[in-house]
Amino acid sequence: MAETFRFWPTLTEPLVRQNPVTLQILGICSALAVTTSLATALTMSASLTVVLTLSAGLIASIRRHIPDTIRLIVQIVIIASLVIVIDQLLQAYLAEISRALSVFVGLITTNCLVLGRTEAYARHHPPLPAMVDAFGNGLGYSLALIVIGTLRELLGKGEVFGYEVLAPVSSGGWFTPLNLMLLPPAAFFMLGLLVWAIRSARPEQAEAPDHVAPMPREPAE
Amino acid sequence: MAARDLNPLRRILSLPNDSRAKTVFVAFAVSAICAVLVSGATVMLRPIQAANRAAEEQARIEALVRGVPGMSELLEETGGTLSTVVIDLGSGRASPDVTPETLETALADPGNWSAIEAGDDLAGLGQRPDVAQIYLLRDGERISLVLLPISGQGYNGRIDAILALRGDMNTIAGIAVTRHSETPGLGGRIEEAAWQASWPGTEVRDDEGTIRFTVARGTASSIHEVDGITGATRTSSAMTRIVRFWLGPEGYGPFLDAVNRGEF
């Protein structure tokens, strides 16, 4: 392990430059489902960050003893158990939040982001860097969710965090809520726009096209 | 290497990672530890979760009653409590041998459940208990409100709700959804007060006594309809079927008739 661990870059890289949602397009299914309002987006972000950090720490600490042939199963089992334990804890002590999240806590298990980070990073690094990396990625995921959640709630209901921001027509204001924003497709639109905005600001993130259109040729004479 | 390590754990851990013994050992150890963690958490936290659910259901019932105009005053007058009655769904009368205290044991006995024939099984339940616990609120001799627990198959799973009917046993006074697993943001909106607000005042039957209640597609257009939920057609129609089943002859029908005859 010649490379030295630098705390700050590991933590901040995944926020925008290596953002797991907008650059790697990981963890999309939950990002679509929970972003109808900012409150659920925040709770989901927090739960995912906790699961991600803990599982990265656990897997990194036993990384030398995980046989390559069964590494994916071992990782999934650890992640799934953590998710169940956290879900049970939420149901017992934070019943309100657990109801708001309903099935999505369970879906953290299948969030590609978690497995992606343990497989790509935690498996090759000591626990502390792995946890910092996982925490950074959790924050990156949260950031994307918060942006999408705020926009969807604002445009779909005219509210942010349940507080009225744009007065809707129904209560005498001028704003007509866009119901589409509360439906799943709107999350795709928002995510697409977000990715577009980030890649326009940082052209190095844009992928090279897989195919180049053939040059138009003069028709044969 | 010095002498062989006598600690068997360390001996296994020092095997090369791709050896079969170690692969089996790691798989087994990880699953065992995870199994203990998961079952430990579930078993230890179950009492707290059950208490949470019970408290939540109680709170919803109270909120439901207080949401009905005029009911909170009546509730104060009667001493702040609803009377709880276990009724026999078949006869519609109070059950002679099951009390609210023994209800749980009675429901654990499969003999107290009857299968519902496929044609009648609007709510998709398959079977229903023969007894049910309901809540009554009286104004003198007259029943002014009944709370009826209803349940049925929704889009993603079971929906449990409590339906409040006014004294005429026909006008809905309110609904509270106590448990569901519908899609959040779509069918999940059945638990929102905004949607439930369209229920009070809806009439279940027409003058001939036929059940007309429907969750509309779009906005309610008649006295028998409540507003539909955009994007959640399956959940909306599930709610229609659940209400129709439970207020029909297989559900609380006999009980409602008994109340209308003045037997309660």
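This is a predicted model: local features need pLDDT of at least 70, side-chain atom pairs count only at pLDDT 80 or more; totals for chains, interfaces and linings use all residues.
Chain B comprises 264 residues, of which 28% count as buried. Its secondary structure consists of 7 helices and 9 strands. When contacts in chain B between residues at least 6 apart in sequence are considered, 54% of them join residues at least 24 apart.

The interface between the two chains involves 24 residues of chain B, which are in contact with 24 residues of chain A. On the chain B side, the greatest contribution comes from helix α2 (residues 20-67), which supplies 16 residues. By residue class, the side of chain B that touches chain A is made up of 11 nonpolar, 10 polar and 3 charged residues.

Within chain A, G57(A) was examined individually. This glycine lies in helix α3, which spans residues 38-61 of chain A. There are 19 other C-beta atoms within 10 Å of G57(A), and the residue is therefore classed as partly exposed, since the buried class requires 20 or more such atoms. Beyond its neighbours within four places in sequence, G57(A) is in contact with P127(A), A130(A) and M131(A).

Note on methods. Residues are numbered from 1 along each chain as its sequence is written. Chains are lettered from A and ligands numbered from 1 in the order in which they are written. Two residues are in contact if their C-beta atoms, placed from the backbone, lie within 7 Å. Helices (H or I, at least four residues) and strands (E, at least two) are DSSP runs, numbered from the N terminus. Ala, Val, Leu, Ile, Met, Phe, Trp, Tyr, Cys and Pro count as nonpolar, Asp, Glu, Lys and Arg as charged, and the others, Gly among them, as polar. A residue is buried if 20 or more other C-beta atoms lie within 10 Å of its own, exposed if 12 or fewer, and partly exposed in between; C-beta atoms are placed from the backbone.
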